[in-house]
Amino acid sequence: MKHRIYICLLLIVILNACHNKAYKPEGLTKLSDTELIERAKEKRFPDMQSVVYKNEQGEIISLDSLMKIPNPEEWTTDSYVDNNGDVKEAIVRRATAEDKELQKRIQEAFNYLPPIEIIDIDCAQKQKILQAVYESDQGTRTNGTMDPEIDRKNLTTVISLIENCGMPTLNEVNKTQMTAIWLTIQHGDHENRKKYFPLLEQSAKNGDLRSTEIAMMKDRILMGDGKPQVYGTQITQKDGQWVLYELSAPESVNKRRTEIGFGPIEDYLKRWNIEFNVKQVQ
């Protein structure tokens, strides 16, 4: 009798061990760290709708449930591809310290862009060039979409114009065309935003750009550097909800906003249904 009980208990242990064994997709190959980084550089990511997401036991997780996972930075996925290199399954699991370091490297690879190659610019046509840039930038965003290729092309044009012709002024172009310069650099990459910020800041001091535009760019640069913003112009997403990005001295933000030409932050954030209840100092 004791022997039969022992055998039963042993079977239970074995079955539990098999059940708890981490699931691995059959016929698929896991992407290595190097492959993930290379794909990030190439901006090569799978269509989330076409990937089957599973937990470590092989149970399917719906995309809707995945998007609602709290603290997404605490999770990671192992991607498995078929013979064509297409991601077919992704295993969702808790992120280790090594995973979090890899996520940073992947983000850096994704953000990497080759240096802008300066092209020839006819400085006598700067009004026409900047008007076309403005219409191109706003045309995509008016339709509720963004095209990285158009943004990159516009950035190449604007930087080449600045490098070849100098920074324009309102004596040479109109306000819309000056705004095209700010929009293009604001919508460009982080490194070029930081590089040309002093030049745009000087233009604002000269009256060629609005102070509010420079404030928005300053906040965006600070956010890109992982530092608190100053004027409360930048929002981000957390757990699928829009939230105000970290703000320095929130109790005096409206004082700073007024000085630069903005309205109250409470009104600004209403468009994203974000409440701001920090009592303001006078």
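I began with strand 6 (residues 235-238) and strand 7 (residues 241-244), which run antiparallel and are joined by four bridges. I took helices (H or I, at least four residues) and strands (E, at least two) as DSSP runs, numbered from the N terminus. Two strands pair if DSSP finds at least two bridges between them. Glutamine 237 has tryptophan 242 of strand 7 opposite. The hairpin has two residues between strand 6 and strand 7, and aspartate 239 there takes a positive phi near 55°.

A note on provenance: the model is predicted, with local features needing pLDDT of at least 70 and side-chain atom pairs counting only at pLDDT 80 or more, while totals for chains, interfaces and linings use all residues. Residues are numbered from 1 along each chain as its sequence is written, and side-chain values use heavy atoms, with hydrogens and water left out.

Next I traced the open sheet of five strands, and I read its order as 1-4-5-2-3, with mixed pairing. Strand 1 (29-30) and strand 3 (60-61) stand at the edges with a single partner strand each, so one side of each has no neighbour in the sheet. Strand 2 (residues 52-54) runs antiparallel to strand 3, and two bridges join them. Lysine 54 has isoleucine 60 in strand 3 as its bridge partner.

I then turned to helix 6 (residues 148-165) and helix 8 (residues 190-205), which pack at an angle of about 40° with axes 13 Å apart. Axes are lines fitted to C-alpha atoms, for helices over the stretch in contact, and angles run from 0 to 180 degrees between N-to-C directions. Helix 6 contributes Arg152, Leu155, Ile159, Ile162 and Glu163 to the contact, and helix 8 contributes Asn192, Tyr196 and Leu199. Contact means heavy atoms within 4.5 Å.

Last, I looked at the whole chain. I found 11 helices and seven strands in the protein chain. Its radius of gyration is 26 Å, well over the 19 Å from the globule rule for 282 residues, so the chain is more spread out than a compact globule. The radius is taken over C-alpha atoms, and the rule is 2.2 Å times the number of residues to the power 0.38. The C-alpha trace spans about 100 × 50 × 30 Å along its principal axes. Among contacts between residues at least 6 apart in sequence, 60% join residues at least 24 apart.
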